[in-house]
Every structure is written in C-alpha cells, then in structure tokens.
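Please read the numbered points beside the sequence and the structure shown here.

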Amino acid sequence: MSTATNIPRNAPLQTPQDWSEMQYDRGVQKIFMDRFEKFGSTQTRENAWQPHHSLHRPPPPGQLTLSALVASGAHFGHSPSLLNPNFIPYAYGTRAGVTIIDLDQTLPLLRRAANLTRAVAARGGTVVFLGSRPDIRGAVKKAAERMGDRQSYYVGEKWLPGTLTNRLHLFGPRILNRTRVIPDLMIILNPLQNMPAIRECAIEHIPTIGIIDSNVDPRIIMYPIPANDESTRTAELVSGVLSIAGREGVELWKQEETRRLLERNSNETKRNERRRREAEEENYQIGHDGGSKL
Amino acid sequence: MASIAFSSRRFTIPVQNVLRRSYATTSGSFVPPAAQQDVMHAPRRRILPNPESKTFYTGRAAFYDYVSSLELAIHHTRTKLKQLHLTPLPEFALKSLPPLVPVWKSKNDLSTSLSTKLSAARHRRLIELLNQLNDFRRIAQTAGHADLGLGLTNILEVFERDDKEEHLRRGIRKPVVLDQYGRSYTLGKRKTSSARVWMISSQHAVESKIQAGATPSPPTTEIIVNNKPLSSYFPMPADRERILFPFKITGLLGAYNVFSITRGGGTSGQSGAVAHGIAKGLAAHVPDVALILRRAKLLRRDPRMVERKKTGLAKARKAYAWVKR
C-alpha cells in the first residue's frame, strides 16, 4: 500500500513522511478489520472477558458470586502438611496435594468485610490497602484511587516497621500536630509477609481485614477472608469488591456532610431570625413601658 | 505455621502532646452506642484533617507520588501512541529509530531535586520509568509529532542533567575549520613532542608562482619544519618516511604543502608529532580520507610514553643481576 512502488514495504523509515505513510497504512488496515469484524463471530472485544477486567471491572459486593471466586482461583490453599490447625474450620478438604478452601464460607465473610468497609467509610473513616508483592501493587493502587480523595490510602511496597507505633520519629511532630495519622481500617492482601503491620494494628487498636491462606492462623486478622493469598486475580477481586463498597460508603459520608452543612446553615438562619425578633420586641416594649423589662 | 510473637517488652510512651493513648479505665463507665443515639455529644477538641497524599503510609510519600505520576504519564502516552498506530512498532520501524542516549542526573542530584533520599533500588526504579518515557519521546519525535514530544520533554527535563548538551558533546572532537586562505591548523603530539602544523593546498602555491612569473610545473608537497626543509631537519630516512606516510596511503602526495613548528622531545618524537598533525590536517581538508587514516591508526595520538623507573630495578623493566646468596 506504499505510494512508491519501488520501495519495499518493510524498508527502514527515514523521513517523517515515511512515518506518516506507515501510520496511514496501519490506520487503513484497522478500518478494514473493524468493518469486517462485525461479520462472523458475535464475540467481540467488548463482550468477551479480557485479563485486565479482573483489575478494572471488579464485581460489586451485591453481585459477587461463588463462580467468580472459583474463577479467580481463590480456593487453592497450600500443602496439607502446612495446614494451620486453626484454619481447619475454613478448609473444605484436600485434593491434588493442596488444601481446598471452603468458598461457601469465604463468600459471606467477604461480604461482611465489604459491609464493614462501607460502614467505616460512611462515618468518614480512613482505609489503608496494603499489598507488598509487585503483582498486587497495581491492585492496591487502583483500589485506593477508586475510593476517592481523602479517605483511602495504599502501600504497594514493604511496610516500614514503626509507621504507626514510631510515627513521631517517622513523620515528625509537625505532621502529627496537623494530620490524623492513625487510620480506621487496614486491608492486608498478603498478611504473612506483613506481620509487623498486623502487630502495629493490634497495638494501635485498628481493625484489620485480610486474605488468610491455609498456612496462616486466622486469629491474627480481625475480619479474615479465607482465600488464596498467592493469586493475583484473587487479590484483585477482593480489593476490587472492598473498594467498591468503600466507594459507596464515601458517597454516603459526602451526603451526610452536605446534609449536616445545610442543617447548620438553616439552624443559624433560624437563630439569627429569633434573635432579631427578640431584639425588635424588646425595643417595642421599651418604647411602651418607658423602661427596661429586666 | 504462622504465629504472632507479641513483644513482651513494655511499650514506653514519651510524654508528648501528639501521642495520647486512651485506656479502657480512663474513659469512665461504658455506655452502649445504641443508648447514645439521641444524645448530643460535645464536639471533639481537635478534628484533624486526613493525610493528603495517597502514599502517606509508605513513609516516602514524595517519592511514590513521583512514581505514580510517571506511571500515569506512561499510561497516557502509550494510549496516545496506540491511537496513532505507533505502538507496538514492527521490527523494521524499530531499526529506523535513532539511538537512545539518556542523560539523567546522578543519584545524588536527583535526591536533591526531588527532595527525597533515594536508595539504589528506588533510584533504579525511577530510571526504568524515565527510560520508558524517553523511548516514547523518541518515537513521537521521529514520527513527526512535535507536540507530544514537547509534552514529554516538559516532564523529563526535571530529571535530565543541566549540562545535557555539553555532556553529549564530550569526547567529540572540535571540528577543524579552514581559515580564509584555505589553511588548516592542527596539533600533533608524540612522546613529549608537540607540533603545530599548517597545511595549504599546493595548487594555491603553484598558481601564486605562475602569477609571480615562474614556469608552470606539477604540484609537489613542500614540507618546512622549524624553518628548515624536511631533508635538512630530519636526516634519518625513517623519520622522513613517518612524516610522508599519511600522504602516501591517502594518495595525496603532492596535494598539500606543510609548515610546522615542533618543540620538545627528540627526532622520532618530533617526526611522529608532525605526522599526527599532518594526518589531522588531511582529514580536515579531505573528510573522505578520515576513514583510511583512522584504520591506519594515524589519527590516534600514540599513547606510548617513556615508562618510569621502579624501585628495586635498574630501569623500568631491567632487573639487577640475580645473586644466589
């Protein structure tokens, strides 16, 4: 499709005009493909599942299904020899050398965690998403961004021990005097690698939500979600569900704030009205009596 | 088996206003929340705002904010390039791109500019992102999208060296220019000798002689060193050969006249220095022969210098006679 017939199609590009021609050729090819894509299979890019949907299009908590959990591989635990005895109530059994986690229990626990996140956010609380592996870094960032401006935070790297208990040294008295540092909820996607964070939450009385695998004691986390902590898709699903619930909570908080603001304004106007009327009455009475009533 | 090892050491709290802990025993009697629904509470003494940055709890908010902005820029640029059909590029287009020469600030300079202490790992992460953006900028500029390239330049110039142009120019020799009379002026060095060499086309000399009234003759190379002709100043044939070698291998014998002033060293050093100057001058007059001269290593300043004498040895390498006892 090159305009010059004697230059081969895959010749190295020298001038900006060569580049423009290449772009034009590719654009023409794309239009061609788009036009004929409609014929044939009804499955298109729009209605087929893409791998990035687990990160960018998580299901809302109300529409979460067991099959979504199974599809993300949440039921795969670790080897039965590493099974923590306190995890046994959440284990379904063993198959193919791995512990299978009972997703019939995971689903209501995940929805409970979502309700908690929504409730915390609806009362103006702050939520921190913690996921220190490189593959779940994107998930925690996306989850924090989904929840809005000043109520959600994320830590995609190693949690610095002492962030909460040694905050005076880490942040300095200036920031501590001006900012509310202790969060209201901590969501940990890989608790086994973040034991210092869990310990600090316990010391500072911060509730925690976490993905508990079969080799982990569920009692370390306040609201455990028994699931596979090594799967990226499971982490994306869980953080997505919780962040959508959090977003709903943020909406409720904003509505509450505006309502309170309007109420305060209307109370103030009522108060001012009342004061004005009282002052008028006084003046009227003073005028008639010829002296103060007090 | 996971188990928490709670520290048994008593946690000591400094007496500061900023750290106030509430214990169950200090707050008085417990009233369940359900009974407090209609009660109006006094407002809390201090309602502090929440932290601003989303990466506050990393402890290095400034750095991770930079990282997230760069990642966002990369995402937007990749989307834009995809729309323009410039990403992913086929093999032949990738080969047509000019080489990427990133000139980033050093780790310490970056730490100062970004006001965050950079560890080696964090610095490496930042440089990876910058290289990715730099690559996109190269593609945009080569394909003729100046506005996109300019936008990327605005982002990247914060991280580039201040003396970027100078840094890229280092190692590149200043080009030799011919003056108004067509003469080249070059410097040659060998051992401890240096030679200042002027070269002019011998055609010019022939024409000036014809104007002066002499009979026309084919052009010849005349070489004057320290006001003496070549044969007088360098009696050794090896030195003369060394000086004429650049002319011979380029086939330009007879094309240029040479005037040189040499100082320092001895005969072979001075002849080598003149030869070096002549080679540079020939490359200036006729750029095409530069390749031949470079292959023959005539444009290279010979780095061999007299080796120093060492202690315990008679000369640089000569050892004293070995004695059994």
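1. Helix 1 of chain B makes the largest contribution to the lining of the second largest pocket, namely eleven residues. Helices here are DSSP runs of H or I with at least four residues, strands are runs of E with at least two, and both are numbered from the N terminus. The model is a predicted one, in which local features need pLDDT of at least 70 and side-chain atom pairs count only at pLDDT 80 or more, while totals for chains, interfaces and linings use all residues. Residues are numbered from 1 along each chain as its sequence is written, chains are lettered from A and ligands numbered from 1 in the order in which they are written, and side-chain values use heavy atoms, without hydrogens and water.

2. The second largest pocket holds about 1,300 Å³ of space. Of its 35 lining residues, L55(A), H56(A), E71(B), H75(B) and R78(B) are the closest to the centre. A pocket is, on a 1 Å grid over the protein atoms alone, an open set of points with protein on both sides within 12 Å along at least five of seven lines; a cavity is a set where a 1.4 Å probe fits but cannot get out, and lining residues have an atom within 4 Å of a point. Volume is the space filled by probe spheres set on the points, which are joined across faces, edges and corners.

3. Both chains take part in this lining: helix 1, helix 2 (53-56) and helix 5 (137-146) of chain A, and helix 1 (61-83) and helix 4 (120-142) of chain B, each supply at least two residues. By class, the lining of the second largest pocket has eight nonpolar, twelve polar and 15 charged residues. Ala, Val, Leu, Ile, Met, Phe, Trp, Tyr, Cys and Pro count as nonpolar, Asp, Glu, Lys and Arg as charged, and the others, Gly among them, as polar.

4. The structure also has two cavities of 30 Å³ or more. The second largest cavity, of about 30 Å³, is lined by residues including S54(A), L55(A), K142(A), R146(A) and E236(A). Helix 5 of chain A gives the most to this lining, with four residues. The lining of the second largest cavity divides into three nonpolar, three polar and three charged residues.

5. Which residues form a nonpolar patch on the surface? They are F32(A), M33(A), F36(A) and F39(A), with about 500 Å² of accessible area together. F32(A) belongs to helix 1 (residues 16-37) of chain A. With a relative accessible area of 53%, F32(A) is exposed (buried is under 20%, exposed over 50%, partly exposed in between, with a 1.4 Å probe and protein chains only).

6. Most residues other than glycine have a negative phi, and most peptide bonds are trans. T87(B) and P88(B) are joined by a cis peptide bond, with omega of about -5 degrees; P88(B) sits in the loop between helix 1 and helix 2 (91-95) of chain B. K191(B), not a glycine, has a positive phi of about 50 degrees and lies in the loop between strand 1 (184-190) and strand 2 (193-201) of chain B. K297(B), also not a glycine, has a positive phi of about 60 degrees and is found in the segment after helix 11 (290-295) of chain B.

Terms used
Patch = residues over 30% accessible without salt bridge, like charges linked within 9 Å, V, L, I, M, F, W, Y side chains within 5 Å. Areas by Shrake-Rupley, 256 points an atom, 1.4 Å probe, with all protein chains shown as cover. Salt bridge = Lys/Arg side-chain N within 4 Å of Asp/Glu carboxyl O.
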